[in-house]
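Please keep the sequence and the model in view while reading.

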Amino acid sequence: MASLASSFPPAAAKTPSYLSSSSSTFFSSSLSFTTSQPHSRNSVFACIKCDVGNGNPSIPIINERTLPKFLESARMEKSANRTNNNTRLKLFSGTANPSLSQEIAWYMGLDLGKIKIKRFADGEIYVQLEESVRGCDVYLVQPTCTPTNENLMELLIMVDACRRASAKKVTAVIPYFGYARADRKTQGRESIAAKLVANLITEAGADRVLACDLHSGQSMGYFDIPVDHVYCQPVILDYLASKSIPAEDLVVVSPDVGGVARARAFAKKLSDAPLAIVDKRRSGHNVAEVMNLIGDVRGKVAVMVDDMIDTAGTIVKGAALLHQEGAREVYACCTHAVFSPPAIERLSGGLLQEVIVTNTLPVAEKNYFPQLTILSVANLLGETIWRVHDDSSVSSIFL
C-alpha cells in the first residue's frame with residue numbers, strides 16, 4: 001500500500017524574522033507594532049515543536065517546498081498584481097494574538113497598521129487608529145479568546161473606530177470565535193449567546209466576518225452579514241503527511257457523535273481512512289464520560305480530530321479508551337488550543353503520542369509540553385484575506 005506521504009507531499013517551514021523579540025514592541029498597556037521591510041508572499045507555515053531539552057519552541061525545516069501544497073495548487077493567476085492594491089488594504093491587530101497577526105502580515109508582504117490600544121485604570125478599553133483608513137478595505141485580526149469578554153469588547157471598539165474613521169469596508173478576522181458552543185438551547189430558559197455575539201459584531205459596524213473552524217456550521221447563519229468560514233484541516237493534513245504513516249495503519253476517530261461529519265471529511269482526505277467514533281455521555285459542562293467505541297482500532301494509529309481542546313477531558317478519556325481497544329498510537333489534532341486547566345496535566349500524561357494544534361489562539365510558553373506541536377495558519381488566513389479583497393473565490397483554496 002502507498003504511504004500517506006505519497007498522497008500529501010509535506011510543506012516547508014522556515015524561521016521568519018518576525019519571530020525575534022525585536023520585531024514588535026509592547027509599551028505598558030498600549031500596543032504598537034514596528035516591522036521591517038515587507039517580506040515576499042512566498043512564505044511557508046511555521047511548525048513549532050516543543051523541545052524537551054530547554055523548553056523553548058523550535059521551528060524545524062521539513063523540506064525545501066516554498067508553499068504548502070493546498071495553497072500552491074490553488075494560487076491565483078493575478079497574484080502578481082496584488083502589490084498595486086496594497087495601499088487600499090489595511091491590516092490591524094488587536095492584543096489577543098499579535099504574533100499571528102505579524103505572521104499574516106509577513107505572508108501578505110504588508111506592514112501591520114499602527115493602532116493604539118490601552119486599558120484605563122477602571123478596565124475600560126481605549127482604541128485609536130494612528131493612520132488614515134479613509135476609503136480603505138480594513139481587516140481586524142482578533143480572536144475572542146481568554147479573557148473572552150475583554151477581547152470581544154476590544155474587537156467591537158476596533159470595528160467602531162474603523163467605521164467612524166470612514167473605512168470603506170471592515171472585516172473582522174476572528175481565528176477563534178468565542179461563545180460558539182452556545183449555539184442552541186439544550187435546556188429550558190437558556191440563552192443562545194452565539195447569536196447575541198453575532199448581533200453585537202454586526203451592529204458595531206462590521207461588513208464581513210472571517211472565522212476559522214466554527215464549532216458548528218449553523219453559527220454562520222446567526223450573522224446578517226457575509227461570513228467566510230476558513231477550514232484549517234489542510235494545514236494539519238500537510239503536517240501529518242510529513243510523518244509518512246502508512247495509509248493502511250490509519251484510523252480517524254471522532255471524540256463524540258457531534259464531530260462525525262468533521263472526522264469523516266478529515267478521513268476522506270487521509271487516503272479515505274476508516275472511521276471510528278467515541279460514544280460519550282456528558283453529565284455537565286466541561287465534564288465528559290466515555291462509554292463505548294464504535295469501530296475497530298486494534299493495531300492502528302488513531303488520529304483523533306476535534307475543533308478545539310478545552311479542559312482535554314474528552315480527548316484524554318477517548319485516548320484511554322482507544323488504548324484499551326488496542327490502538328498502537330494515538331494522535332490528537334485540533335484547530336483551537338483553548339487549554340483551560342487542567343488540560344496541560346491531562347495532555348502531558350503519556351496517553352497521546354502527539355498533540356497537534358494551530359496558532360489561532362496564543363499558547364503561553366508555560367503551557368508547552370513535549371508532545372505539543374503548534375502549526376501556523378497565517379498563510380491560510382493571509383491567502384483568504386487576499387482573495388476576499390480581490391473578490392475572488394475562497395472555497396477554491398480547499399479543493
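The model is predicted: local features need pLDDT of at least 70, side-chain atom pairs count only at pLDDT 80 or more, and totals for chains, interfaces and linings use all residues. Residues are numbered from 1 along each chain as its sequence is written, and side-chain values use heavy atoms, with hydrogens and water left out.

The protein has 399 residues, of which 54% are buried (under 20% relative accessible area, where exposed means over 50% and partly exposed lies in between, with a 1.4 Å probe and protein chains only). Its secondary structure comprises 10 helices and 18 strands; these are DSSP runs, H or I of at least four residues for helices and E of at least two for strands, numbered from the N terminus. Of the contacts (heavy atoms within 4.5 Å) with a separation of 6 or more, 69% join residues 24 or more positions apart.

Two packed helices are described by the angle between their axes and the distance between the axes. Axes are lines fitted to C-alpha atoms, for helices over the stretch in contact, and angles run from 0 to 180 degrees between N-to-C directions. Helix α4 (residues 148–164) packs with α5 at about 25°, the axes being 8 Å apart. The two helices, α4 and α5, are therefore roughly parallel (angles under 35 degrees; over 145 is roughly antiparallel, 65 to 115 roughly perpendicular and the rest oblique). On α4, Leu152, Leu155, Leu156, Val159 and Asp160 meet Val197, Leu200, Ile201 and Ala204 of α5. This contact has 8 nonpolar, no polar and 1 charged residues (nonpolar: Ala, Val, Leu, Ile, Met, Phe, Trp, Tyr, Cys and Pro; charged: Asp, Glu, Lys and Arg; polar: the others, Gly among them).

A second pair consists of α6 (residues 233–241) and α7 (residues 260–269), whose axes come within 11 Å and cross at roughly 45°. Helices α6 and α7 are therefore oblique to each other. Gln233, Ile236, Leu237 and Leu240 of α6 contact Arg262, Ala265, Phe266 and Lys269 of α7, a set of 5 nonpolar, 1 polar and 2 charged residues.

Ala182 lies in the loop between β9 (169–174) and α5 (193–204). With a relative accessible area of 24%, Ala182 is partly exposed. Beyond its neighbours within four places in sequence, Ala182 contacts Ile192, Ala193 and Ala194.
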